[in-house]
Amino acid sequence: MWLLYAVGSAVFAGITSILAKCGIRKTDSTVATAIRTIVVLFFSWLMVLLVHSQNQIAEISGKTFLFLILSGLATGASWLCYFRALQLGDINKVVPIDKSSTVLTILLAFVFLHEKVGVSNAIGVVVIAIGTFLMIEKKDVGQKTETGKSWLFYAIGSAVFASLTSILGKVGISGVESNLGTAIRTCVVLVMAWGMVFVTGKQHTLRDIPKNELGFICLSGLATGGSWLCYYRALQDGLASVVVPIDKLSILVTIAFSYFVFHEKLTRKSGVGLTMVVAGTMAMLIP
């Protein structure tokens, strides 16, 4: 069952990127992230109530709480970087860099979680890394001069924090029901996201958000909630070094939608890179 949850996570995550991109054309990315977190928080706690896991809160150990909080902080940082990168750059450029967190996550899982890395896993890591490199080496055709390369730094930050999220999340949900763990982490992300809104003084922009963009932001929040619930359920039962690569296949969904919605096309070089990323991920599933 964890394999089905991992696939579900990938589908919802792919849809999330497209909906979010539609919601931050005029809306500040930090404000959009904060609003999305409210939707995710509502969705995640609703699932907690449906499965009746709220009674387990008192049983959560201090160590588990600590790792859930750290995972939530890493998630918040990853979100803020990712959606800022999406606002400044093309989806076809940002998403591959964000998905490169797969390689770092696998290495961290080997070092800290002592998960075994076989020959097929090692080959998969190398192929994914090369494929990601080919995809992010796309030329900046039509890139606005005022944004420069800033989107690249935000995208890299998103990948690094996403890797830490996976590892910390794996440890954090080892002693708690996955829906409850997701809900607790979301509370941390909510505080962090709105804290960034007020620290940067962007709360006054809330009244200027176009209604259509607000709708897309809320829909992206629902998609994120669905992705999270599937992802952490899969992470709870499966190996992080296998679940994470499957989740990153959301890049296929994202690129497909970006072609039809934003008319963003892959170059031949990027197409080869995408093929390698998928092939490397498939190699990770070989025992």
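The lining of the largest cavity splits into eight nonpolar, ten polar and six charged residues; here Ala, Val, Leu, Ile, Met, Phe, Trp, Tyr, Cys and Pro count as nonpolar, Asp, Glu, Lys and Arg as charged, and the others, Gly among them, as polar. This is a predicted model, so to speak of local features a pLDDT of at least 70 is needed, side-chain atom pairs count only at pLDDT 80 or more, and totals for chains, interfaces and linings use all residues. Residues are numbered from 1 along each chain as its sequence is written, and side-chain values use heavy atoms, with hydrogens and water left out.

The structure has two cavities of 30 Å³ or more. A cavity is a set of points, on a 1 Å grid over the protein atoms alone, where a 1.4 Å probe fits but cannot get out, and its lining residues have an atom within 4 Å of a point. Grid points are joined across faces, edges and corners, and the volume is the space filled by probe spheres set on the points. The largest cavity comes to about 430 Å³. Of the 24 residues lining the largest cavity, Trp79, Asp98, Trp228, Asp247 and Lys248 are the closest to its centre. At least two lining residues each come from helix 1 (2–23), helix 3 (62–88), helix 4 (91–99), helix 7 (150–172) and helix 9 (211–237); helices are DSSP runs (H or I, at least four residues), numbered from the N terminus.

The second largest cavity holds about 60 Å³. Its lining includes Pro96, Lys99, Ile128, Met135, Lys248 and Val277, and by class it has five nonpolar, four polar and two charged residues.

What about the outside? Leu104, Ile156, Val160, Phe161 and Leu164 make a nonpolar surface patch of about 360 Å². Such a patch takes residues with over 30% relative accessible area and no salt bridge, and joins nonpolar side chains (Val, Leu, Ile, Met, Phe, Trp, Tyr) within 5 Å; the areas come from the Shrake-Rupley method with a 1.4 Å probe, and for residues only the protein chains shown count as cover. Helix 7 gives the most to the patch, with four residues.

The structure has one salt bridge, meaning a side-chain nitrogen of Lys or Arg within 4 Å of a carboxyl oxygen of Asp or Glu. The partners are Asp28 and Lys202, at 3.1 Å from N to O. Asp28 sits in the loop between helix 1 and helix 2 and Lys202 in the loop between helix 8 and helix 9, so the pair ties together parts that are 174 residues apart in sequence. Asp28 counts as buried at 18% relative accessibility, while Lys202 is partly exposed at 24%; buried means under 20% relative accessible area, exposed over 50%, and partly exposed in between (1.4 Å probe, protein chains only).

His52, in the loop between helix 2 (29–51) and helix 3, is exposed at 56%. Most residues other than glycine have a negative phi, but phi of His52 is positive, near 60°. Tyr82 lies in helix 3 and is buried at 7%; Tyr82 and His52 are 30 residues apart in sequence and 33 Å apart in space, C-alpha to C-alpha. Met196, in helix 8 (residues 178–199), is partly exposed at 32%. Met196 and Leu80 are 116 residues apart in sequence and 9.0 Å apart in space, C-alpha to C-alpha.

Definitions and conventions: 1 Å grid on protein atoms, 1.4 Å probe; cavity = no way out; pocket = protein on both sides within 12 Å on 5 of 7 lines; lining within 4 Å. Patch = residues over 30% accessible without salt bridge, like charges linked within 9 Å, V, L, I, M, F, W, Y side chains within 5 Å.
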